[in-house]
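Thanks for coming, everyone. I'll keep this short.

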Amino acid sequence: MTEVEAVGAFGALLLASVGVGEGLRRIGWRSESTRRVVHMLVGLSTAAAPFWFDRPRGIALLAVVFVAGNAVANGRGWLPGVHRISRRSWGTVVFPLALLAALVLCWGPLGTHVWAMQVAFAVLALADPAASWVGTRMRQPGRYRVGEAEKSVAGSLAFAVIAFGIVSSWLLTVGLGAPASVVLAAASVAVLATLAEALGRSGWDNLWIVLAALVALVWWEGGPDATVGWGALAAASGFAWATWRVGALDLSGTLAGALLAWALVALGGMAWAAPALSFFVLSSAWSRVGRSRKARAAAATQKGSRRDVAQVMANGGAGLAALAMTVFVPSEVWYWVFVASFAAAAADTWGTEIGTWAGGQTRRLGIGSRVAPGTSGGMSPAGTLGVVAGAASVVLPAVWLSPAVGIGSGAVLVGVGVGAAVLDSLLGATLQARYRLSDGSLTERSEVDGAALPLAVGVRWLDNDGVNAVCTVSAALGGWVAWGWLG
């Protein structure tokens, strides 16, 4: 079969899967059920795709076509068998995006781990719809909320069990490991993919599940020490329990933190864990200092001191991505990216917490009009010292524990973190959305008691989490540039 014929045949198979869903809906099936069927058929077909093609470009072409086609169909309400469900979801668009990401990571310029891609999509094809089915069919599935999404304990357990079974069966069948090591691989995929599924909403779990499974599978392929592997799972559980217990994170933030904890132990080690722990422990401690003096500023912020998944990923997402990339492309550059991103997160957090606690003259960007301490974009002498100290608190453990960062390069990374925090203040003062309360004062909250507030300053789509994400991502890019210059 030529590549053109393979593209045509495989495209026809995918369209036939969608047609099955539309046919089932016409005979009375609910859209939720037909969507699960289509999800399963397309997922299994995707897992089998490497048997059809000798190279990835034909699959990539089909993925691009389906991204565009599903985006149009979803927006216009076409194909009700997959799009006419009770909640807003972009899952049919994200699914082929996940395939494109998997092709880049596993069957493209970054490596050849085609088998891992197949296993990941088999998990997505079977465990994800099973979790949805179990969660809706059981009378008491144990509902819980992750942010704005509602999940069920029964559904999450079903996902984990099925993911474990798929991975272990696949690996044992093709002889890719001894039984003991296969159990470690299957347990790692089951835990990480279940966390990713619980955190996903609006269809984005299709991407997070695939990425989580790929990282765990390719990591396992490298033959990690079993003690480290089981220790990583224990660290994820322990971190989740501890942060939930002390109230530092809400449930969504706890699950995201568990993913980061696993990555720090399994993929990084002490040289990676120490800078991240320095950020999290010391920043959490600063948030508890002088709470009564910070109360007024806290009332105007978008969220309280208990961090959610958006805040965790805004501060740690770039670092987590750097850790994950070490699995596919091992390089010292990822450590610089990691340290720089957490240095920026610590600089921004320390600057805000210390500046708000210490008070003093606070001006917009340090030179503009007077603003209240803790205002986004405000800078004070005490807060500026906090910015530098926060960046240093992350970089110093890296200099101490890793030969990849020396004293001179560490100073550069502190500068990168400080520069990103200044960018954070600039965005906070200009583009970050702030809303007007009835008394004329401004707040980062878009609504109060369920009532939407009018936008007063900035752009509506850029909130504090978005500004923090720009801060850490810009620092990550700065770390990359610094490594190219000095590393």
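**A buried valine and the salt bridges**

Start with Val210: its relative accessible area is 0%, so Val210 is buried. Keep in mind that this is a predicted model.

Where does Val210 sit? It is part of helix 9, residues 205-221. Which residues does Val210 touch, leaving aside neighbours within four places in sequence? Ala98, Ala102, Ala120, Phe121 and Leu124. Now look along the chain to Leu259, 49 residues from Val210. The C-alpha atoms of those two are 14 Å apart.

Next, charges. Side chains of opposite charge can pair when their charged atoms come close. How many salt bridges does the structure hold? The count is 2.

Take Glu3 and Arg57. Their side chains form a salt bridge at 2.9 Å, N to O. Glu3 belongs to helix 1, residues 3-26, and Arg57 to helix 3, residues 57-76, so this pair ties together parts 54 residues apart in sequence. Buried or exposed? Arg57 has 51% relative accessibility, so Arg57 counts as exposed. Glu3, at 26%, counts as partly exposed.

Now Glu197 and Lys151. Here the salt bridge spans 3.5 Å, N to O. Again, distant parts of the chain are linked: Glu197 is in helix 8, residues 179-199, and Lys151 in strand 4, residues 149-152. The two are 46 residues apart. What about accessibility? Glu197 has a relative accessible area of 9%, so Glu197 is buried. Lys151 is at 12% relative accessibility, and therefore also counts as buried.

That's the tour. Over to you.

Conventions
Residues numbered from 1 in each chain as written. Predicted model: local features only at pLDDT ≥ 70, side-chain atom pairs only at ≥ 80, totals over all residues. Heavy atoms only, no water. Salt bridge = Lys/Arg side-chain N within 4 Å of Asp/Glu carboxyl O. Helix = DSSP H or I, 4+ residues; strand = E, 2+ residues; numbered from the N terminus. Buried < 20%, exposed > 50% of the residue type's maximum accessible area, 1.4 Å probe, protein only. Contact = heavy atoms within 4.5 Å.
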